[in-house]
Amino acid sequence: MGNTAMQNKKHVRALIKERKQQLSKDEQVYLSEKVVQNIEQCEEFRTAHSVLCYWPLADEVLIDSLIEKYWQTKQVYLPVVAGDKLELKLFEGRDKMQVGAFGILEPSGEVYSGDVDLVIVPGVAFDLQGHRLGRGKGYYDQFLPSTKAYKLGVAFRLQIVESIPVDEWDMPVDKVVTD
């Protein structure tokens, strides 16, 4: 990757961070609820039996309400950081979570090695073509090519940019849902 692409990614991350800092906690909660409602409207979500979600970090779209609502009617998996890759574990309730890498809550059960119907993908930013800019660790870049699941990016509207510098390993999502 050239220095220019690296600088551009850094610039986009800084821009989005600045935009997110303008949001009050109440606005974040309100907009997250709108995103969750929009996810629920998606045909791909409604028909999915197994869904890989994510447990939100403080500045992400708060989809824990979605997880809490559906974990008993769908198989809901969460990613667990294991070394330099993601493993999937079944969500079995908030009380069966433990703090994992980067201070993120993770399920404590067995590793799931099958595929899922839908992956709900967080990102720092998405562009109009569905390209995703992550936090720079590459976990999703490594994981997404290994799944045949429909890939649903989720973000606040303020995280959508015109274009993101793309590398050959970057895989776009199928659709992006916002508030």
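Start by selecting Arg132, Arg135, Lys137, Tyr139 and Tyr140, which lie nearest the centre of the largest pocket, a space lined by 32 residues. A pocket here is an open set of points on a 1 Å grid over the protein atoms alone, where a 1.4 Å probe fits, with protein on both sides within 12 Å along at least five of seven lines; lining residues have an atom within 4 Å of a point. The model is predicted: local features need pLDDT of at least 70 and side-chain atom pairs count only at pLDDT 80 or more, while totals for chains, interfaces and linings use all residues. Residues are numbered from 1 along each chain as its sequence is written, and side-chain values use heavy atoms, with hydrogens and water left out.

Stay at this pocket, which holds about 630 Å³ (the space filled by probe spheres set on the points, joined across faces, edges and corners).

Next, go to the second largest pocket, of about 210 Å³. Of its 14 lining residues, select Ile16, Lys17, Lys20, Gln21 and Asp59, the closest to its centre. Both α1 and α2 (25–41) supply at least two lining residues, and α1 gives the most, with five.

Last, select Lys20, Tyr54, Glu60, Val61, Pro122, Gly123, Val154 and Gln159, which line the largest cavity (a set of points where the probe fits but cannot get out). This cavity holds about 30 Å³.

Notes
Helix = DSSP H or I, 4+ residues; strand = E, 2+ residues; numbered from the N terminus.
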